[in-house]
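Thank you all for coming; I would like to walk you through one structure today, step by step. Please have a look at the sequence and the model before I go on.

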Amino acid sequence: MAGFDVGAARAQRLEALGHSWSFTLDDDTFTLPTELTRKIARALRELDDNDVDGLLHALLGDAQYARFDRHDVTMQDVAAIMEAYGRETGLGLGEG
């Protein structure tokens with residue numbers, strides 16, 4: 001019986017979704033991962049449920065978050081981004 005090849009399964013998922021998902025805000029483009037590393041998952045788990053900035057920082061990383069933070073973004077904007085991200089990648093983040 002053949003074993004399960006994690007690398008091949010990951011490659012198949014990434015081929016279907018791509019390595020990142022992007023959104024544009026005021027002519028500035030940002031990317032979020034289509035798969036979460038254990039490090040990102042751990043950081044997200046440690047956040048308070050209402051820590052929107054912590055969520056965005058963990059997903060965007062330092063450099064992108066610094067750019068994102070310069071924009072005047074509403075909570076409704078963030079909710080719309082997270083909803084689209086979840087719908088297109090299957091990752092349920094920032095819901096509720």
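Predicted model: local features only at pLDDT ≥ 70, side-chain atom pairs only at ≥ 80, totals over all residues.

Arg87 and Glu83 are four residues apart in helix H4, so they are separated by about one helical turn; the helices I name, like the strands, are DSSP runs numbered from the N terminus, with at least four residues of type H or I for a helix and at least two of type E for a strand. The two side chains form a salt bridge in which the closest N and O atoms are 3.5 Å apart, where a salt bridge is a side-chain nitrogen of Lys or Arg within 4 Å of a carboxyl oxygen of Asp or Glu. Side chains of opposite charge can pair when their charged atoms come close. Both Arg87 and Glu83 are exposed, and in this talk exposed means over 50% relative accessible area, buried means under 20%, and partly exposed is what lies in between, computed with a 1.4 Å probe on protein chains only. Arg87 counts as exposed because its relative accessibility is 57%, and helix H4, where Arg87 sits, covers residues 75-89.

Residues are numbered from 1 along each chain as its sequence is written, and side-chain values use heavy atoms, with hydrogens and water left out.

How many salt bridges does a search of the whole structure find? The search finds three, and I will take the other pairs in turn. Arg13 pairs with Glu35, with the closest N and O atoms 2.4 Å apart. This pair links distant parts of the chain, since Arg13 is in helix H1 (residues 6-17) while Glu35 is in the loop between strand S2 (28-33) and helix H2 (38-45), 22 residues apart. Arg13 is partly exposed, with a relative accessible area of 39%, and Glu35 also counts as partly exposed, at 25% relative accessibility.

Then there is the salt bridge between the side chains of Asp28 and Arg67, at 2.3 Å from N to O. This pair, too, links distant parts of the chain, with Asp28 in strand S2 and Arg67 in helix H3, 39 residues apart. Is Asp28 buried or exposed? Asp28 is buried, because its relative accessible area is 18%, whereas Arg67 counts as partly exposed at 25%.

Staying with helix H3, which spans residues 52-69 and contains Gln64, we find that Gln64 is buried, with a relative accessible area of 14%. A polar atom of the Gln64 side chain lies 2.8 Å from the backbone nitrogen of Thr31. Leaving out residues up to four places away in sequence, Gln64 touches Thr29, Phe30 and Thr31, where touching, or contact, means heavy atoms within 4.5 Å.

Let me turn to the nonpolar side chains. In soluble globular proteins, nonpolar side chains tend to be buried together. Here the largest nonpolar core has 19 residues, and those with the most contacts inside it are Phe23, Leu32, Leu59, Leu60, Phe68 and Met82; such a core is a set of buried Ala, Val, Leu, Ile, Met, Phe, Trp, Tyr and Cys residues joined through side-chain atoms within 4.5 Å. Strand S1 (20-25), S2, H2, H3 and H4 each supply at least two residues of this core, and the largest share, six residues, comes from H3. Apart from its neighbours within four places in sequence, Phe68 is in contact with Phe23, Leu25, Phe30, Leu56, Leu60, Val73 and Ile81.

On the H3 side the contact is made by Val52, Leu55, Leu56, Leu59 and Phe68, and on the H4 side by Met75, Val78, Ile81, Met82 and Tyr85.

Methods. Polar contact = N/O pair within 3.5 Å; in protein donor to acceptor, adjacent residues only side chain to side chain.
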